[in-house]
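User: Take me through the labels on this model, please. For each one, I want the value and the rule behind it.
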Amino acid sequence: MVSSSHEAMHRIFQKDPALLTRALQDVLDVPFPEPHDFAAMNVDLTEIEPVERRVDTLLRAETGEGAYLLVVESQGQPDERKRGSWPYYLSYLYEKYRCEPVLIVSTQSRATARWAARPIHLGVRGRPSLTVNPLVLGPDNVPLIADVQQAVAAPSLAVLSAMTHGRGPQAPAILESLVAALQTLDADSAGAYAQFVDSCLADPQVQQMWRDLMTTMQYFFRHPLAEQVREEGREEGRVEERAETVLNILRWRGIDIPDPVRQRVEACTDIDQLTLWSQRAIHATTADDLFTAE
């Protein structure tokens, strides 16, 4: 079964194809020529024989040096059957389109990244007839972006960072930086990226942290994910949930919450006031910063 994180990991490349070539150039140091156009292609590589072969994402990149086919595979865990298909994908695509195919594997797992990066040799040991060297994007080479300025400068890469590294103690800083980056984008792009990240966060606590952060963003209320969050809020009580959001953001950022602050937040019944406090909580250095302007 295809997981939501698997779906998100390759859909982000469909949303922003240039992220792929930037990742090749900046993350993997591959001298990929600068593309001037992209085109999505049919991912079904099945031939007349009844054997289904399908890649996750297939893009055609036009460059000054000619066209390249970017074959993107998202791997949650090692799968030797999938690995055995990769040489076929590349050979079939080259024969059909006469373009250079480039295999890119994305994963959130260090172990899977090491597995995927192993060369595939077909033929006589020591003198293979065909060798495939996958280009792998994973936690060890995708930059961890937890700085607001870096995230704002490269929002798409910040999204990829959150989807790859968004777990453990570094998650709050990564997600806070991404929130700042999304605020610089148009509402549709920001909403799409927010959905990608939400689908990819496997840790329930981190995913809830992300949803809490998203409820502080005005554009978010027009996105389908927001309706799900709002529906959950109606069931549990919008005021109580928003008060808990304020306190949770402070906790996840490692900020101590004195009893007077907690009591004031929990006693508040004004949803607009609680929304304002949740926005301030993202950048607060102390719990009292919630009330600085009051």
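Analyst: Start with burial. Buried means under 20% relative accessible area, exposed over 50%, and partly exposed in between (1.4 Å probe, protein chains only). By that rule, Tyr-88 and Tyr-92 are both buried. The model is predicted, so local features need pLDDT of at least 70 and side-chain atom pairs pLDDT 80 or more, while totals for chains, interfaces and linings use all residues. Residues are numbered from 1 along each chain as its sequence is written, and side-chain values use heavy atoms, without hydrogens or water.

User: What makes Ser-91 partly exposed?
Analyst: Its relative accessible area is 40%. That value falls between the 20% and 50% limits, so Ser-91 counts as partly exposed. Ser-91 lies in helix H3. Its C-alpha atom is 9.8 Å from that of Leu-130, 39 residues apart along the chain.

User: How much of the chain is buried, and how many helices and strands does the chain have?
Analyst: Buried residues make up 49% of the 294 residues. The chain has 13 helices and seven strands. These are DSSP runs numbered from the N terminus: helices are H or I with at least four residues, strands E with at least two. In H2, the buried residues are Leu-19, Leu-20, Thr-21, Ala-23, Leu-24 and Val-27.

User: How many aromatic pairs are there, and why is the pair of Phe-32 and Tyr-68 called tilted?
Analyst: The structure holds five aromatic pairs. Phe-32 and Tyr-68 are 4.7 Å apart centre to centre, with 50 degrees between the planes. Rings of Phe, Tyr and Trp (its six-membered ring) pair if their centres lie within 6.5 Å; planes under 30 degrees apart are stacked, over 60 edge-to-face, the rest tilted. Hence a pair, and a tilted one. Phe-32 is in the loop between helix H2 (18-27) and strand E1 (35-40), and Tyr-68 is in strand E3 (residues 66-74), so the pair ties together parts 36 residues apart in sequence. Both residues are buried.

User: Why is the pair of Tyr-88 and Tyr-92 called stacked?
Analyst: Their ring centres are 5.7 Å apart and their planes at 20 degrees, so the pair is stacked. Both lie in helix H3 (residues 80-97), four residues apart, about one turn of the helix. Tyr-88, Tyr-89 and Tyr-92 form one aromatic cluster.

User: How do you know that the charged end of Arg-83 sits over the ring of Trp-115?
Analyst: The rule asks for NZ of Lys or CZ of Arg within 6 Å of the ring centre and within 35 degrees of the ring normal. Arg-83 is 5.8 Å from the centre of the Trp-115 ring. Arg-264 lies over the face of Phe-291, at 3.9 Å from the ring centre.

User: What makes H8 and H9 roughly antiparallel?
Analyst: The axes of helix H8 (residues 187-200) and helix H9 (residues 204-214) come within 9 Å and cross at roughly 160 degrees. Angles over 145 degrees count as roughly antiparallel, under 35 as roughly parallel, 65 to 115 as roughly perpendicular and the rest as oblique. H8 and H9 are therefore roughly antiparallel.

User: Why is H7 called roughly parallel to H9?
Analyst: Helix H7 (residues 171-182) packs on H9 at about 30 degrees, with the axes 11 Å apart. That makes H7 roughly parallel to H9.

Terms used
Axes are lines fitted to C-alpha atoms, for helices over the stretch in contact, and angles run from 0 to 180 degrees between N-to-C directions.
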